[in-house]
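Dear colleague,

Please find below the structure that I am handing over to you. A summary of the findings follows it.

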Amino acid sequence: GMLIDPRFVFENLPAVLGIALFIMTAKVLLTLVAILPFRLGGKTAVFTSLGMLQIGEFTYPLASAARPA
């Protein structure tokens with residue numbers, strides 16, 4: 001959260017929301033596709049995919065490394 005520039009987010013709100021929605025959708029679908037071969041059932045696959053939607057703590061070091069020096 002400390003790397004986020006609120007002014008940038010508000011100035012580019014449609015783009016930020018669009019990218020966030022795309023990433024969330026892609027993450028759920030990719031997780032669902034990865035789980036389906038295990039035949040755990042549709043309900044379990046959907047709940048697991050949605051559970052994996054949250055952003056992990058590893059995102060912050062990745063954002064820090066990707067940020068220009």
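In which loop is Met52 found? Met52 belongs to the loop between helix 3 and helix 4 (59–66); helices (H or I, at least four residues) and strands (E, at least two) are DSSP runs, numbered from the N terminus.

Before I continue, some notes on the source. This is a predicted model, in which local features need pLDDT of at least 70 and side-chain atom pairs count only at pLDDT 80 or more, while totals for chains, interfaces and linings use all residues. Residues are numbered from 1 along each chain as its sequence is written, and side-chain values use heavy atoms, with hydrogens and water left out.

Overall form

The protein contains 4 helices and 0 strands, and its elements run α-α-α-α from the N terminus on. Its radius of gyration is 15 Å, whereas a compact globule of 69 residues would have one near 11 Å. This radius is taken over C-alpha atoms, and the globule rule is 2.2 Å times the number of residues to the power 0.38. Along the principal axes, the C-alpha atoms fill a box of roughly 45 × 25 × 15 Å.

Of the 69 residues in the protein, 7% are buried. Here, buried means under 20% relative accessible area, exposed over 50%, and partly exposed in between (1.4 Å probe, protein chains only). The protein exposes about 6,000 Å², of which carbon and sulfur atoms supply 74%; accessible areas come from the Shrake-Rupley method with a 1.4 Å probe, and for residues only the protein chains shown count as cover.

Helix 2 and its cover

Helix 2 (residues 13–35) has 23 residues. From its first C-alpha to its last it reaches 33 Å, close to the 33 Å expected at 1.5 Å a residue; the expected span is 1.5 Å times one less than the number of residues.

Which residues of helix 2 are buried? They are Val28, Thr31 and Ile35. What covers the buried residues of helix 2 includes helix 3 (42–51).

Thr31, in helix 2, counts as buried because its relative accessibility is 16%. Not counting residues up to four places away in sequence, Thr31 touches Thr48, Ser49 and Met52, where contact means heavy atoms within 4.5 Å.

Ala45 is found in helix 3 and is buried, with a relative accessible area of 1%. Leaving aside neighbours within four places in sequence, Ala45 is in contact with Leu32, Ile35 and Leu36. Ala45 and Ile35 are 10 residues apart in sequence and, C-alpha to C-alpha, 6.0 Å apart in space.

The loops

Arg39 is located in the loop between helix 2 and helix 3. It is exposed, at 78% relative accessibility. Although Arg39 is not a glycine, it has a positive phi of about 50 degrees.

Leaving aside neighbours within four places in sequence, Met52 is in contact with Lys27 and Thr31. Met52 and Arg7 are 45 residues apart in sequence and 29 Å apart in space, C-alpha to C-alpha.

Glu57 also lies in the loop between helix 3 and helix 4, and is exposed, with a relative accessible area of 63%. Glu57 and Ile4 are 53 residues apart in sequence and 15 Å apart in space, C-alpha to C-alpha.

A surface patch

Which residues make the nonpolar surface patch of about 320 Å²? Phe10, Leu13 and Leu17 make it. Like charges are joined within 9 Å, and nonpolar side chains (Val, Leu, Ile, Met, Phe, Trp, Tyr) within 5 Å. Leu17 lies in helix 2 and counts as exposed, at 52% relative accessibility.

Yours sincerely

Technical notes: Patches are made of residues with over 30% relative accessible area and no salt bridge: like charges are joined within 9 Å, nonpolar side chains (Val, Leu, Ile, Met, Phe, Trp, Tyr) within 5 Å. A salt bridge is a side-chain nitrogen of Lys or Arg within 4 Å of a carboxyl oxygen of Asp or Glu.
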